[in-house]
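Work through the following exercises with the model open beside the text, and compare each step with the solution that follows the task.

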Amino acid sequence: MGAIELLVIIVVLIGVIYALNSRSTAAKSSSESAPGFFRALFQGRATLTCWHCGAETDSQKPRCQHCDRELK
Ligand SMILES: [Zn+2]
């Protein structure tokens, strides 16, 4: 299999996932964002880097799990 075929398969898969996600979030709640879904999908769970202490923390929480300062 060539690199172009592989790329086409990946693009189609992302398209299918995005279509399913936009349908399910529309049914559930409009406040849920697609980027959060994709981060959770690719990383297992959504994390972000705290800009106070530089550690990885759960982006779902309002405060850093390490230094307990507000993330927003
Ligand atoms: Zn922190």
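**Exercise 1.** Determine what share of the contacts in the chain with a separation of 6 or more comes from residues 24 or more positions apart.

Solution. Two residues are in contact if their C-beta atoms, placed from the backbone, lie within 7 Å. Under that criterion, residues 24 or more positions apart account for 0% of the contacts with a separation of 6 or more. As for burial, 3% of the 72 residues count as buried, that is, have 20 or more other C-beta atoms within 10 Å of their own. This is a predicted model, in which local features need pLDDT of at least 70 and side-chain atom pairs count only at pLDDT 80 or more, while totals for chains, interfaces and linings use all residues. Residues are numbered from 1 along each chain as its sequence is written.

**Exercise 2.** Locate W51 and D68, and decide whether each is buried or exposed.

Solution. W51 lies in the loop between β1 (47–49) and β2, and it is exposed (12 or fewer neighbours) because 9 C-beta neighbours fall inside 10 Å. The C-alpha atoms of W51 and L71 are 7.8 Å apart, although the two are 20 residues apart in sequence. D68 sits in the segment after β2 (56–58) and is exposed, with 11 other C-beta atoms within 10 Å. D68 is not a glycine, yet has a positive phi of about 60 degrees.

Key:
Helices (H or I, at least four residues) and strands (E, at least two) are DSSP runs, numbered from the N terminus.
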